[in-house]
2 protein chains.
Amino acid sequence: MTPERHRRLCAALDRRQPDLSVILEGVHKPHNINAIVRTCDAVGVLDVHAVLPENRARVSASSAMGSQRWVYVHEHDSGPDAVAAARAQGQQVLAAHFSDSAVPYREVDFTRPTAVLFGTEKFGITERTVAAVDQHVIIPMMGMVSSFNVSVAAAIILSEACEQRRAAGLYQQRRLSEARYQHAFFRWAHP
Amino acid sequence: MTPERHRRLCAALDRRQPDLSVILEGVHKPHNINAIVRTCDAVGVLDVHAVLPENRARVSASSAMGSQRWVYVHEHDSGPDAVAAARAQGQQVLAAHFSDSAVPYREVDFTRPTAVLFGTEKFGITERTVAAVDQHVIIPMMGMVSSFNVSVAAAIILSEACEQRRAAGLYQQRRLSEARYQHAFFRWAHP
Ligand SMILES: C[S@@+](CC[C@H](N)C(=O)[O-])C[C@H]1O[C@@H](n2cnc3c(N)ncnc32)[C@H](O)[C@@H]1O
Ligand SMILES: C[S@@+](CC[C@H](N)C(=O)[O-])C[C@H]1O[C@@H](n2cnc3c(N)ncnc32)[C@H](O)[C@@H]1O
């Protein structure tokens, strides 16, 4: 590895946020999965929890998840299982979901340990999973169309999380445990 | 038209921002075009200026542009032509582009009349067009990958523009001229 490459890996690892994660329930289009995971990398997310779709999109979704190099993708059997996994890490779980109780995303405190959940392109998040989260979050919409593309919704919410964490100085101190740092370093350095 | 439908059309038209536009130079993947234009609708953009790709992606890009219902897509022969069109409307033109002089997107004043320019998936904005704009804008990245997906970059910047304009009350007063309002109303109501 060149010294420059080594420096880049370490700089990115120093900015990783172990207490900001993403949950995808049934998202199945490979271009959406790729765009979302690329956004996760860019805002410092290390862990993505994925519930694969149950239909024939499963194979290509699984392959898009599996091709990811810079984040850990953890597969779960159900939405509630994925929510439980994030909560076991001490994270509040927010569903990006339209409901009467949903809070505008700019009013959320993303400096707290947080997981954000997104649903499928067609049907959104299942009722069962929606019921399992702590809060619903919405991105206000001013036009005719009733929802954003899922990778767009993820980008809007995660960029706000990134901005809040940047302002709070959370990218300026190493946040990973020594064990996770070493594990990620060897994975990134020796693919 | 049902009264409910009529009400929705008018509410969306009342929030349209004639002084916030988007320029796409050579963006060619239909799913990116569709996601970007859907985001434009959601933040109240009425006009998209498009320079179609020069290669065999042209046909599908053109068809994705043509299928758009809620925004006007204006085609231009070159990036500088598209920039000139936005400037003729009195808009500052910002390129979402990596450069030494680029300003972080949260520091930009998007309540000013503004057009934001995005480049192709592979090569970004051409040098000629980059040279024609007023300022370069960047979304800071904390990870390993060196750019966002283009529809993600558009979402992050446009959602900030939306938030600034919401805070400034720009969605609370009708912004369209009577002529544009009527034109858009008839187009939306009678597709
Ligand atoms: C295309 S949307 C699904 C639309 C589906 N018809 C519904 O009503 O849930 C895919 C996912 O993107 C996210 N999403 C899209 N627009 C959103 C918005 N304005 N606010 C919050 N989340 C949104 C949600 O997580 C949603 O499950
Ligand atoms: C995938 S990028 C193109 C990458 C290309 N290799 C380059 O260096 O420009 C496609 C477009 O998304 C926008 N974009 C992506 N990431 C961005 C960022 N971090 N800041 C500003 N614009 C970005 C730019 O408009 C860019 O032209």
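Okay, let's start with the ligand: ligand 2 lies between chains A and B. Keep in mind that this is a predicted model, where local features need pLDDT of at least 70, side-chain atom pairs count only at pLDDT 80 or more, and totals for chains, interfaces and linings use all residues. Residues are numbered from 1 along each chain as its sequence is written, chains are lettered from A and ligands numbered from 1 in the order in which they are written, and side-chain values use heavy atoms, with hydrogens and water left out.

So, who sits around ligand 2? There are 20 residues around it, and A96(B), G119(B), G124(B), I139(B) and F148(B) come nearest; a residue counts as near if one of its heavy atoms lies within 4 Å. On the polar side, a backbone polar atom of G119(B) is 3.1 Å from a ligand 2 oxygen. Nitrogen atoms of ligand 2 are 2.9 Å from a polar backbone atom of I139(B) and 3.0 Å from a backbone N or O of F148(B). Alone, ligand 2 exposes 570 Å², and the protein buries 86% of that (Shrake-Rupley, 1.4 Å probe).

Now the chains. 36 residues of chain A are in contact with 36 of chain B, meaning heavy atoms within 4.5 Å. About 3,300 Å² is buried between them, 62% from carbon and sulfur atoms; that's accessible area lost on being put together, 1.4 Å probe, summed over both parts. In chain A, R38(A), M142(A) and M144(A) lose the most area to chain B.

Last one: the interface has 2 salt bridges (Lys or Arg side-chain nitrogen within 4 Å of an Asp or Glu carboxyl oxygen). E160(A) pairs with R106(B) in a salt bridge, closest N and O atoms 2.8 Å apart.

Terms used
Buried area = accessible area lost by both parts, 1.4 Å probe. Polar contact = N/O pair within 3.5 Å; in protein donor to acceptor, adjacent residues only side chain to side chain.
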